[in-house]
Amino acid sequence: MSQEAQNIIDESFSYLVKTYAPQPVVMDYGEGCYAYDTDGKKYLDCAAGIAVASLGHAHPALLKTINEQAARMMTCQASYATKEKLKAARLLVKTSCFDQVYFSNSGTESVEASLKCARKWAYDEKGAQANEIIAFRKSFHGRTYGSASVTEKFHSQPFFGPYLGGIKWAEFNDIESVKAVASKETTAAIIIEPVQGEGGLTPATPEFMQDLRELCDELNICLIFDEVQAGFGRLGSLHAYESFGVEPDIAAWAKGMGSGFPVGAMAAKEKFGKAIVVGTHGTTYGGNPLACAVAATVMEELTKPGFLAHAQKVSTLMFDGLNEIKRASNKITDIRGMGLMIGVDTVFDIKSVLGGLQKNGMMATQAGKGTLRITPPLILSEDEAKEALYIIKTTLSELEE
Ligand SMILES: Cc1ncc(COP(=O)(O)O)c(C=O)c1O
């Protein structure tokens with residue numbers, strides 16, 4: 001690393017609150033599926049901002065939208081309709097099972113809105129005692145108080161407690177554990193990630209999702225899918241729920257929805273969405289014209305003929321290639337995930353795997369205790385997928401057990 005890069009890191013982190021341990025490189029710019037550091041080194045970006053840059057970096061259609069819309073209007077009060085908001089909302093409703101959307105700026109805000117909507121619906125429908133939420137072990141839903149309350153790992157951080165009351169825990173993919181804590185009278189909602197992301201890339205089984213749907217119908221409970229990481233083509237379907245053949249009542253969206261621009265949404269079936277009335281929820285930035293123009297452009301790209309089929313094809317290539325590396329060596333112990341949301345467990349410490357990949361020109365991230373998480377842009381070409389596999393194979397062969 002150059003002295004200049006080291007200085008940028010040192011000075012930055014002297015001003016920043018230490019939420020993250022610093023990476024040993026300074027990122028400069030990106031193009032397509034590649035990112036470049038300030039020393040000119042090129043990286044195949046298989047992190048994509050953790051499943052964010054769905055269209056890669058500097059996508060021409062997105063740049064055009066951002067430039068044009070920034071010059072026209074970036075913000076106005078959320079109570080105004082705009083053509084951009086109409087376009088984004090219409091696209092989201094017409095391509096999903098939902099009737100209404102609420103725009104936010106991040107994943108955690110989408111989850112907060114989902115929890116509040118479900119709680120308000122349950123209050124109106126069943127009464128004040130219906131305030132419990134069922135969440136899952138190893139969940140991750142965000143860092144603000146509502147989202148953190150349904151994220152298991154934060155409960156071991158006593159300095160932030162008390163969290164929201166009425167949270168019940170169940171085991172992922174175990175319907176009996178859900179039934180044990182579900183109640184028609186007191187449960188407002190169940191919140192689940194279709195593929196647990198931070199928890200280690202574990203997909204829910206379609207049977208479990210079907211069982212959850214039936215349980216929620218039977219006990220009149222609101223079913224929330226947190227599709228923040230798994231949505232917008234990440235699993236090979238436009239919306240994550242489509243990959244399971246089950247419709248939730250509410251979904252939380254963000255990340256890939258803006259491909260790098262901060263935009264999110266809560267989407268709801270009318271019965272649930274209409275519980276939110278004037279004065280019960282809102283936002284300053286959510287639904288601003290710039291964010292909505294971006295979301296609409298991302299939607300237009302994702303729904304172009306062949307786009308999702310390409311992501312599915314590259315996913316198969318990645319899973320096949322990883323399985324081949326697993327068979328040929330004893331370095332990989334498990335491969336999980338769906339679509340281009342892939343988790344790989346290895347015999348090595350995750351920090352050395354990520355460091356080795358970085359050295360060899362590839363960015364990826366950690367999930368769970370030690371899982372390598374691969375979430376490249378959905379535009380990853382077949383050649384780029386082969387390059388990623390080559391770098392993974394080389395890196396694993398270089399590491400010492
Ligand atoms: C499933 C899920 N929900 C919510 C969030 C929170 O999103 P944000 O960091 O945009 O608030 C994340 C972030 O990683 C996530 O993976």
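The following legends describe close-up views of a predicted model.

View 1. Ala 35 has Tyr 43 of strand 3 as its bridge partner.

**View 2. The packing of helix 12 against helix 13.** Two packed helices are described by the angle between their axes and the distance between the axes. For helix 12 (residues 350-359) and helix 13, the angle is about 125° and the axes are 9 Å apart. Helix 12 is therefore oblique to helix 13. The crossing of this pair is right-handed. Helix 12 contributes Val 353, Gly 356 and Leu 357 to the contact, while helix 13 contributes Ile 391, Thr 395 and Glu 398. By class, the residues of this contact are three nonpolar, two polar and one charged.

**View 3. The packing of helix 4 against helix 10.** Helix 4 (residues 83-94) packs with helix 10 (residues 289-302) at an angle of about 35°, and their axes are 8 Å apart. The crossing of helix 4 and helix 10 is left-handed. On the side of helix 4, the contact involves Glu 84, Lys 85, Lys 87, Ala 88, Leu 91 and Leu 92. These meet Pro 289, Cys 292, Ala 293, Ala 295, Ala 296 and Met 299 of helix 10. The contact of helix 4 with helix 10 comprises nine nonpolar and three charged residues, with no polar ones.

View 4. Strand 12 (residues 264-268) is mostly covered, five of its five residues being buried. In a regular strand the side chains alternate between the two faces of the sheet. In strand 12, Gly 264, Met 266 and Ala 268 point one way, Ala 265 and Ala 267 point the other way, and all are buried. Strand 4 (residues 100-104) runs antiparallel to strand 12 and is joined to it by five bridges. Gln 100 stands opposite Ala 268 of strand 12. Strand 11 (residues 250-253) also runs antiparallel to strand 12, with four bridges joining the two. Here Ala 252 has Met 266 of strand 12 as its bridge partner.

Key: Residues numbered from 1 in each chain as written. Predicted model: local features only at pLDDT ≥ 70, side-chain atom pairs only at ≥ 80, totals over all residues. Pairing = 2+ DSSP bridges. Axes fitted to C-alpha atoms, helices over the stretch in contact; angles between N-to-C directions. Parallel < 35°, antiparallel > 145°, perpendicular 65-115°, else oblique. Left-handed = near helix turned anticlockwise from the far one by under 90°. Contact = placed C-beta atoms within 7 Å. Nonpolar A, V, L, I, M, F, W, Y, C, P; charged D, E, K, R; others polar. Buried ≥ 20, exposed ≤ 12 C-beta atoms within 10 Å, placed from the backbone.
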